[in-house]
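Let's walk through this structure together, one neighbourhood at a time. Keep the 3D view open and follow along as each part comes up.

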Amino acid sequence: MIDPFGRAVTYLRISVTDRCDFRCVYCMSEDMVFLPRADLLTLEELDRMCSAFIRKGVRRLRLTGGEPLVRRNIMSLIRDLGRHLKTGALDELTLTTNASQLSRFAHELADCGIRRINVSVDSLDAEKFERITRRGKLDKVMAGIDAALDAGIRVKINTVALRDVNRGEIHDLVSWCGTKGLDLTFIETMPLGEIDDDRTDQYLPLTEVRDDIETRWTLDDIDYRTGGPARYVSVAETGQRIGFITPMTHNFCESCNRVRLTCTGQLYMCLGQDDHADLRAPLRAGESDELLEAAIDEAIGRKPKGHDFVIGRDLGPAVSRHMSVTGG
Ligand code: SAM
Ligand code: SF4
């Protein structure tokens, strides 16, 4: 699948549910209204969608959400998708999770062929963690991370930089990840969906985070790439890698290789644009995947050049849907 700008689309992210057991302040409002369950693709339909994309050239799949591990029977989908790893059709099957349920699933995930996962941790202080997530328990998340490491899964920590909230913890996060052998990536908040707080207050450019880190650690820019938007440095003192995802201060669209599928079968060709293609209707139109594959081709043919996020007072979100719908 080659888009109009010559970019090969080899990476699919699937939001398997828009629901979550947390309500992170930058992601959701306190009283989120979730989609009716009847609108969701079934697990069998999700498998069929993913398999069609794999046939068309997708090499990496990431399940996300919402919280992927709260979707009922999600392990049966993961186990089924694991067959594509065995045949070599897929290079990687992975997951982004808040780790609240991870200790239950870690060993089974490893058994299904999952080798690395991303876990979101925005604070190492239990009280602050609960405030940011509005209900998360840090000890459960920590137990989940340990279970994943114990199962041989590599863990990358994602931390959203939040100005007055976790800025003071940057060094602690770098040390903790260094000690535990975890990669760490900082992310700028993006203006996706209505939330209760003001994003202008939350937003902390990663240029400032990097300056903060460099007051204590020596950072070297490195060429390491995972095919994603992060730019990496290595920390001379620990050898660990730190990534920076900077959709606000530096737009990374020129190398975008991904598209995103929602749990209702809508394909978003760009995280920051409203244009999308309905794949549920062609999927449900019959048992053959011919219409579905034609709809995928048509959608890739309209993948836009990029997004143009701006955060400012009174500007509102760039797009009305939350990150949990399109999948972070
Ligand atoms: N629930 C899982 C989790 O938190 O890892 C997976 C879904 S979550 C939407 C995926 C990632 O998106 C998380 O790392 C989260 O911090 C990030 N995220 C959510 N809303 C965001 C926003 N408005 N700007 C930047 N990152 C956001
Ligand atoms: Fe849930 Fe992840 Fe959004 Fe937090 S960032 S509310 S854990 S979907």
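The shell around ligand 2 divides into five nonpolar residues, two polar ones and one charged one. To find them in this predicted model, look for C20, F22, R23, C24, C27, M28, G66 and N98, which surround ligand 2.

G66 also leads us to the other ligand, for among the 18 residues around ligand 1, the ones that come nearest are Y26, G66, S120, V160 and M190. What is the make-up of the shell around ligand 1, in nonpolar, polar and charged residues? Here five are nonpolar, 10 are polar and three are charged. As for secondary structure, β3 and β5 (154-160) each contribute at least two residues to the shell around ligand 1.

A polar side-chain atom of S120 sits 2.5 Å from an oxygen atom of ligand 1, and a backbone N or O atom of T97 is 3.3 Å from an oxygen atom of ligand 1. On the nitrogen side, a polar backbone atom of M190 lies 2.7 Å from a nitrogen atom of ligand 1. Ligand 1 taken alone exposes 540 Å², and the protein buries 96% of that.

Now turn to helix α4, which spans residues 102-111. Which of its residues are buried? They are L102, F105, A106, L109 and A110. Just after α4, G113 takes a positive phi of about 105°.

The loop between α3 (83-87) and β3 holds D91. Is D91 buried or exposed? With a relative accessibility of 53%, D91 counts as exposed, because the cut-off for exposed is over 50%. Leaving aside neighbours within four places in sequence, D91 is in contact with R59 and L85. The side chains of D91 and R59 are joined by a polar contact of 2.6 Å. D91 and L61 are 30 residues apart in sequence, while their C-alpha atoms are 8.5 Å apart in space.

Q266, for its part, belongs to strand β11 (residues 266-268). Its relative accessible area is 13%, so Q266 is buried. Not counting residues up to four places away in sequence, Q266 touches R260, L261, H276, A277 and D278. With D278, a polar contact of 3.0 Å links the two side chains.

Conventions. Residues numbered from 1 in each chain as written. Chains lettered and ligands numbered in written order. Predicted model: local features only at pLDDT ≥ 70, side-chain atom pairs only at ≥ 80, totals over all residues. Heavy atoms only, no water. Near = heavy atom within 4 Å. Nonpolar A, V, L, I, M, F, W, Y, C, P; charged D, E, K, R; others polar. Buried < 20%, exposed > 50% of the residue type's maximum accessible area, 1.4 Å probe, protein only. Helix = DSSP H or I, 4+ residues; strand = E, 2+ residues; numbered from the N terminus. Polar contact = N/O pair within 3.5 Å; in protein donor to acceptor, adjacent residues only side chain to side chain. Areas by Shrake-Rupley, 256 points an atom, 1.4 Å probe, with all protein chains shown as cover. Contact = heavy atoms within 4.5 Å.
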